[in-house]
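Student: I would like to go through some of the terms used for this structure and the grounds for each.

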Amino acid sequence: CIFEREELPSSRIRIVQLVPWLQKFGVEVDSIAYPGHATDWNDLLESCHRYDIVWLQKTMPGLLKSIQLRRCSNRLVFDFDDAIMMRQLAKRGSYFSPGKKLSFAGIVSQAHGVTAGNEYLAGFVKNSKPMLIYPSPVPTDVPLKKYPNNQKGFRLGWVGLGSNLNSLNSIIPALEELSTRYPIELMILSNKELLSTKLNVLNQQWTLESQEQWISQCDIGIM
């Protein structure tokens, strides 16, 4: 398994945290971060033939490297759980990116199969590649909130990277309006803070060790 970066939620949830479970069921798994240097890339290519499947998560290497990866792999599977073929921020009112679309088409064309986070994303694969809809798994043994009888107000929760706060900002005016009608608090669990003069915001630094406890203190989650 070749994942993007271990600190990214998608890499941790879709790859890293699954490795022990796969090994528990007798699957031999090695997982590494996508190489950033030419020598590391060459080492990766030389090792690919040892595996039945090389599973590339989310990274779009470009057509040349995609071709190299396919030639060195017995089976190459590409996994994505985001609209990575689009811009994260609109440019002149559009999220369309010719470069990202080309890179996405390049890795998909070389993959023997594709796994996608949901049916909507799977729709971006416009050929007859074998496709598996693979929703991101989440643990079920998490702490649950205990609701006191005298609870006043409720807490909204948002968890994510600071680079994605711009998406949350688009609904902040609606939440600020909501806060004039109901006693609400917005908890941000991230590596960056969100500020609002009209909304009660609780910013908490995200850590893997504390995330479950903080999430359990929320009444409603915002995706």
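Student: Which residues does the face of α8 turned away from its buried side carry?
Tutor: In this predicted model, that face of α8 carries Pro173 and Ala174, both exposed. To be called exposed, a residue must have a relative accessible area over 50%.

Student: Which residues of α8 are buried?
Tutor: Helix α8 covers residues 172-179, and Ile172, Leu175 and Glu176 are its buried residues.

Student: How do you know that the buried residues of α8 line one face of the helix?
Tutor: Viewed down the axis of α8, the buried residues fall within an arc of 100°, so they line one face. In general, an α-helix has 3.6 residues a turn, so residues three or four places apart point the same way.

Student: What do the buried residues of α8 pack against?
Tutor: They pack against β9 (154-159), α7 (165-169) and β10 (184-190).

Student: Why is Ser10 called buried?
Tutor: The cut-off is under 20% relative accessible area. Ser10 has 9%, so Ser10 is buried. Ser10 lies in helix α1, residues 9-14. Leaving aside neighbours within four places in sequence, Ser10 is in contact with Glu4, Ile15, Gln57, Lys58 and Asp81.

Student: How do you know that the span of α5 agrees with its number of residues?
Tutor: Helix α5 (residues 98-110) has 13 residues, which at 1.5 Å a residue should span 18 Å; the end C-alpha atoms are 19 Å apart, so the two agree.

Student: Which residues of α5 are buried, and what do they pack against?
Tutor: Phe104, Gly106, Ile107, Val108 and Gln110 are buried in α5. The buried residues of α5 pack against β3 (54-57), α4 (63-72), β4 (76-80) and β7 (113-116).

Notes. Residues numbered from 1 in each chain as written. Predicted model: local features only at pLDDT ≥ 70, side-chain atom pairs only at ≥ 80, totals over all residues. Heavy atoms only, no water. Helix = DSSP H or I, 4+ residues; strand = E, 2+ residues; numbered from the N terminus. Buried < 20%, exposed > 50% of the residue type's maximum accessible area, 1.4 Å probe, protein only. Contact = heavy atoms within 4.5 Å. Arc of directions from axis to C-beta. Expected span 1.5 Å × (residues − 1).
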